[in-house]
Amino acid sequence: MTATLADLGLVEAAALVAERSVSPVELVEACLERIARLDGQLLAFVEVLADQALAAAATAEREIGEGSYRGPLHGIPIAVKDLVDLAGVPTRAGSRILADAGPAPADAPVVARLKEAGAVVLGKTTTHEFAFSVFTPPTRNPWNLDRVPGGSSGGSGAAVAAGMAFAAIGTDTGGSIRIPAACCGVVGLKPTYGRVPKAGVIPLSWSLDHVGPLARRVEDVAVFLQAIAGLDVADSTTLDAPVPNFRGEAGRGLTGLRIGVPDRHFDRRLQPSVAAAVEAATEHLRGAGAIVERVAMPTLDHVMDVHFVTILAEAAAYHRARFPDRDADYGPDVRAALALGDRMSAAGFLQAQRVRRTLLDEAVGVFATVDVLITPTLPTEAPAIGQDRISYPDGEEDALTSLIRFTCPFNQTGLPAITVPAGTGHDGLPVGIQLVAPPLQEARLVRVAAELEAFAGTGDPRPPIIRTP
Amino acid sequence: MESSSLDELGQILATKTSRRGAMKAVAGGAGGIGSSFSPDRPVPPSVGMAADAVRDAERRLTAAVDPHQVPLPTVRLSVGVVEPGVAP
């Protein structure tokens, strides 16, 4: 199938809208056509708001025609993870617990900011129940319907990869933006903790939770982040920090930029084809003028312990009003996790926070000597649906641990991180490269990620399902 | 991370990966919340087993910090990990 409007990048589509050669209504219709054709297989959406989206697109078209163009999100169709409030639509978080939830009374601040920028909301995307894991049933991976899309923002990842939306909101507690982005071959950006408001978003683990974008191109996530970043006085976790132009460093080149390659943690249990992709990307950055050096972060040995202890305890606290009273209404994995969280000792939780502090101090020390870290986003390509364990040349481990092991350290430290596609691996599925920067340096991530995107950007980046008539 | 008990904990929490055959429970939606409730495998092993894994994790974390050098966490750490000395 030839590429259509739905396959454009967000910024590409925005340019056509700005010059009035394409109307927002045409963009929405292209996405709705793609949803009608593919979502019966992909199951990425839980709610499609076709009439509302067409009406909003018509309004955008009129405003732009009258000369009131708001910027690159004006008239662009996007999707919202069903963990985030969208006024007038229930937020069900993929759970029977919220099956009877009424319409959300107001937009979450991130949604309100996107609407203010002119974005058109197409619908709500599937999440793993309460964002608690990384497989997102029943959504399937557009690259291979027998594989998981990653999660917990799996619906957002699949929708963006399949051209059903130009971008989507995701949330990320242990990697839930970056994991589905890597599994589905798109770009995902987890901003600095506090950069984006979380009000109106159902928490999973509030000290680890982040909100951010998934889109098909690096410049697209930068534009999306531009709209949602900034202080929200109603949200005590947001930072009162200036919001720079996130594309402001693009095109500066990489000469002299110092790239750190963390040792040990990211070398273990790694598929050879993923290792080769990271190696090639790193060499490309070196060839572009960057200085590459190994860095030591020994506290990474403890990140899985910190992750499980923190997330289970904080989630158990959030769900205490409903659990265990309604335990039968939770899915079995969430039920087990909440029961474990209930058994967590306060001392154990505090020890986890102390180790987390050590990890943050270690990261700060590393960023005194390098500007950006590069790692694989995942050690493997997307696992098969039903695959509980993953084998590596040096051992095997459970699928959940595998998928979050490389991403969760940067939830614990709050550091900004981006994943960018870097070709395909042994099984023909996307491989992602993760870049990490010091606090508030998302523009630097965009600069380096754009260089990697250009390096990996040969061939058709679309999944086979949309290339097949 | 190398411990078999933590691996077991991850496996328990990962059981949802195998749920196939979704129910379409939300009117107007293709996926739906009912999809979470048609597992094709037994519910996870007893929580008691995994509680051992949590205890092991807590023990490892305790061993990982020097009580004289690492400050106790504060509320500030839990609400904003970007602190004045860290931000550029």
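**Entry 1: a strand pair.** I began with A:I390 and found that it stands opposite A:E397 in strand β11 of chain A. This is a predicted model, so I note everything here as a property of the prediction. The partner strands are β10 (residues 389-392) and β11 (residues 395-398), which run antiparallel and are joined by 4 bridges. I also noted that β10(A) and β11(A) form a hairpin, with 2 residues between them.

**Entry 2: a proline in a strand.** Next I looked up A:P77, which lies in strand β2 (residues 77-81) of chain A. Is A:P77 buried or exposed? Its relative accessible area is 0%, under the 20% cut-off, so I wrote it down as buried.

I then listed what A:P77 touches, leaving out residues up to four places away in sequence. The list has A:L27, A:V28 and A:C31, then A:V120 and A:L122, and finally A:A165, A:F166 and A:A167. I also checked A:P24, which is 53 residues from A:P77 along the chain; their C-alpha atoms are separated by 7.8 Å.

**Entry 3: an enclosed helix.** How many residues of helix α5 (residues 154-161) of chain A are buried? I got 8 of the 8, so the helix is largely enclosed by the rest of the structure. Among them are A:G154, A:G155, A:S156 and A:V160. Just after α5(A), I saw that A:G163 takes a positive phi of about 75 degrees.

**Entry 4: the whole chain.** Stepping back, I counted 15 helices and 13 strands in chain A. For 469 residues a compact globule would have a radius of gyration near 23 Å, and the 21 Å of chain A agrees with that. Along the principal axes, the C-alpha atoms fill a box of roughly 60 × 60 × 45 Å. I have 66% of the 469 residues down as buried.

Of the contacts with a separation of 6 or more, 77% are between residues 24 or more positions apart. The accessible surface comes to about 14200 Å², and 53% of it belongs to carbon and sulfur atoms.

Key
Residues are numbered from 1 along each chain as its sequence is written. Chains are lettered from A and ligands numbered from 1 in the order in which they are written. This is a predicted model: local features need pLDDT of at least 70, side-chain atom pairs count only at pLDDT 80 or more; totals for chains, interfaces and linings use all residues. Side-chain values use heavy atoms; hydrogens and water are left out. The radius of gyration is taken over C-alpha atoms; the globule rule is 2.2 Å times the number of residues to the power 0.38. Buried means under 20% relative accessible area, exposed over 50%, partly exposed in between (1.4 Å probe, protein chains only). Contact means heavy atoms within 4.5 Å. Accessible areas come from the Shrake-Rupley method with a 1.4 Å probe; for residues, only the protein chains shown count as cover. Two strands pair if DSSP finds at least two bridges between them.
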